[in-house]
Amino acid sequence: MKKTLVIIVRYTTKSGLAKAFADEALELGALAEIRKEDGCEEYTYYLSAENPSEVVLLERWTSEEKQIAHLAGEAMKKLRPVKDKYVVSQTVEKFYI
């Protein structure tokens, strides 16, 4: 049975800039591009109701290979400067369901 890769990334942004980070990533169009990538089932940012410096990214991929290919893709190249501008730390959790 093939399992889906689920990744939860918690970004901590510079003080109170979570919404600005998410807004800029959306305006850039990178998230829409990523959602069209082969193997991507979900790629969604969520803002914390309690912490204005936290963004949670939920990713679902058909395989780890597809997710790894995504990391080297054009959309990620566009997104990296936005992450560099806002994000001060991140944690990553991976699960298979």
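Trainee: Which element holds L31?

Mentor: L31 sits in helix α2, which covers residues 30–35. Helices here are DSSP runs of H or I with at least four residues, strands are E runs of at least two, and both are numbered from the N terminus. Keep in mind that this is a predicted model, where local features need pLDDT of at least 70, side-chain atom pairs need 80 or more, and totals for chains, interfaces and linings take in all residues. Numbering starts at 1 along each chain as its sequence is written, and side-chain values use heavy atoms, without hydrogens or water.

Trainee: Why is L31 called buried?

Mentor: Its relative accessible area is 2%. Buried means under 20%, exposed means over 50%, and partly exposed is in between, with a 1.4 Å probe and protein chains only. At 2%, L31 therefore goes in the buried class.

Trainee: And what is L31 in contact with, leaving aside neighbours within four places in sequence?

Mentor: A25, L26, Y43, Y45 and L79. Contact just means heavy atoms within 4.5 Å. For Y43, twelve residues along the chain from L31, the C-alpha atoms are 7.0 Å apart.

Trainee: What makes Y43 and Y45 a tilted pair?

Mentor: Rings of Phe, Tyr and Trp (its six-membered ring) pair if their centres lie within 6.5 Å; planes under 30 degrees apart are stacked, over 60 edge-to-face, and the rest tilted. By this rule there are five aromatic pairs. Take F21 and Y86: the centres are 6.1 Å apart and the planes at 50°, so that pair is tilted. F21 belongs to helix α1 (residues 18–28) and Y86 to helix α4, so the pair ties together parts 65 residues apart in sequence. Now your pair: Y43 and Y45 are 6.4 Å centre to centre with 40° between the planes, and the label is tilted again.

Trainee: How do you know whether F21 and Y86 are buried or exposed?

Mentor: F21 has a relative accessible area of 0% and Y86 has 9%, so both values fall under the buried limit. Y43 and Y45 are buried too. Ring pairs link Y11, F21, Y43, Y45 and Y86 into a cluster.

Trainee: Over to charges. What makes E93 and R10 a salt bridge?

Mentor: You need a side-chain nitrogen of Lys or Arg within 4 Å of a carboxyl oxygen of Asp or Glu. E93 and R10 come in at 4.0 Å, N to O, and that pair is counted. Accessibility is 34% for E93 and 35% for R10, so each is called partly exposed. The whole structure has nine salt bridges.

Trainee: How far apart are the closest N and O atoms of E42 and R60?

Mentor: They are 3.0 Å apart, and the two residues form a salt bridge. E42 is in strand β2 (residues 40–47) and R60 in strand β3, 18 residues apart, so distant parts of the chain are linked. E42 is buried at 16%, whereas R60 is partly exposed at 28%. Salt bridges also join E41, E42 and R60 into a network.

Trainee: Why are E74 and K77 said to be about one helical turn apart?

Mentor: Because they are three residues apart in helix α4. E74 has 54% and is exposed, while K77 has 46% and counts as partly exposed.

Trainee: Where does S63 lie, and what makes it buried?

Mentor: S63 is in the loop between β3 and α3. Its relative accessible area is 10%, so it is buried. Leaving aside neighbours within four places in sequence, S63 is in contact with K2 and L5.

Trainee: Last one: how much space lies in the largest pocket?

Mentor: About 170 Å³. On a 1 Å grid over the protein atoms alone, a pocket is an open set of points where a 1.4 Å probe fits, with protein on both sides within 12 Å along at least five of seven lines. Lining residues have an atom within 4 Å of a point. Points join across faces, edges and corners, and the volume is the space filled by probe spheres set on them. Of the 14 lining residues, V9, E59, Q67, L71 and Q90 are the closest to the centre.
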